[in-house]
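Good morning, colleagues. Please look at the sequence and the structure as I put them on the screen, and I will then go through selected strands and the confidence of the model.

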Amino acid sequence: MSTNTQTYDIKIDSLGAQGDGVGTLPDGRRAFVSGVLAGETVRARVQEEKPDGVFCAVDAVLEAAPNRIAAPCPHYDRCGGCAIQHMDGASYSNFKMDTVRRALAQHGLEPESMDGPFISAPGTRRRATMAMYRSGPRVLIGFNERRSRSIVDLQTCLVLKPRLVALVPALRALGLTLLESGHGMDITMMTGDGDAVDLVFRPWKKTQNKHAQKNRQARNKKEPKLKQKQMDGPSLAILEALYDFANEHDIARIHWQDGFDKPEELTPVADRAPFTVTLGDHMVRPSPGAFLQATDDGQAALTEIVLSGVDDAKNIVDLYAGCGTFALALLRDKRHVTAVEGWRPAVDALSRVASTLGGVLDTDYRDLADDPLTAKELKDFDSVVIDPPRVGAKDQMREIANANVRTVVSVSCNPATFARDGAILKDAGFKLTHLRVVDQFLWSTHVELVGVFVNQNYVTPPRLNRG
């Protein structure tokens, strides 16, 4: 890999899945250019040269496409959080839908009906992880620059909920107490019911300091290089500063976590008020920094298809259930739900709710990646709901394909693995009857989807009697 400052005039032929424009250099190499649109001619500066192509940033748009608009965020030219703010509304929607269609086509999947994208509005994202780094008297807080480990020091963010954005200046000031120069940390922040805030502070370690490794010099030469230093556990002064911060800014709870390698080892710092999230008709107290769907309305859009997809099924298993996003919504209409999840804090949170519900919800702690439910174990269920991580659930889907279940509702944040796993169901006689595309990560290239697969070979078994 090498870098230089050479520029080229490039005609953009198309957009790739990551939102980069694709063109050709005079020597025949492919060029990937961020911040452009198909049909444009741009002057682009080389950032990285790799075997599969040259990655460039725009210096000037020489011939603009008619669907180009001015990006609304002042950080857009650098921040890696948003990649496609420069598209008009129609082009943006088409990009999201085309991303899904291409993934489906690669595996021969064609839904009978398809709708979307449902797009969450600006200012509605309720969960994010930011980086914070101190260099001398200066504290940076924000997201990474595109194709860089440098931090874009945010003054605003149009995607996050205003409650979270309002904390950024105060967190920057807090960084002077939390961090020595040359140290950094990640901060996971999320909002719950009533705009309550949950914060988890996670110092960088040598073995996982992704921000420090092979950091490239920022375009602004005043930007400090990120050093790789070890940070010890929280001192009494740090704990007191965090506790005071919680009181001053009305934070529901704060935890300290010593590294990504110990996700369940959290030090409680402040627990001032119950932090709850309403899922279905039930309030859950999720673990600190827990996974939640990114926006409330995006969650509702996914849940609507999950509920319609299981139809009148009474015995349902929810795989990769998390802290109950879909399991608790499925409890309506006198259903029995078994929620299976491989992250212990999420299972514990859901189990606390289950204990109050009189036996209609069972919970099971199980690593489905290493130990998927077998076809035999699935025989008692009418329907399966599955929401795996980005890598998908190929082994689990094979077991589902061999089981006599009537419907499978598959939720995914990765169209490629959704289509790969969905093809396993298709080959076993399932039909993709409906698909909804949901965009909870506004202006990014990420897209989520939920599909309903109906088993054409389903044989109605004797009804399982569940009290």
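Which residue in β4 is the bridge partner of T24? The partner is R30. This is a predicted model, in which local features need pLDDT of at least 70 and side-chain atom pairs count only at pLDDT 80 or more, while totals for chains, interfaces and linings use all residues. Residues are numbered from 1 along each chain as its sequence is written, and side-chain values use heavy atoms, with hydrogens and water left out.

The strands are DSSP runs of E, at least two residues long, numbered from the N terminus; two of them pair if DSSP finds at least two bridges between them. T24 and R30 belong to an antiparallel pairing of β3 (residues 21–24) with β4 (residues 30–34), which has four bridges.

Both strands sit in an open, mixed sheet of six, ordered β1-β5-β6-β4-β3-β2. Its edges are β1 (7–11) and β2 (14–15), each of which pairs on one side only.

I turn now to β22, residues 448–455. Seven of its eight residues are buried, that is, under 20% relative accessible area with a 1.4 Å probe and protein chains only. Strand β20 (residues 407–412) runs antiparallel to β22 and is joined to it by six bridges, with V411 opposite V450. Strand β21 (residues 430–439) is also antiparallel to β22, over eight bridges; here H434 faces V452.

Finally, confidence. pLDDT is the predictor's confidence in each residue, from 0 to 100. The chain averages 91, and 91% of the residues score at least 70. Over residues 207–223, however, pLDDT stays under 50.

Technical notes:
Buried means under 20% relative accessible area, exposed over 50%, partly exposed in between (1.4 Å probe, protein chains only). Contact means heavy atoms within 4.5 Å.
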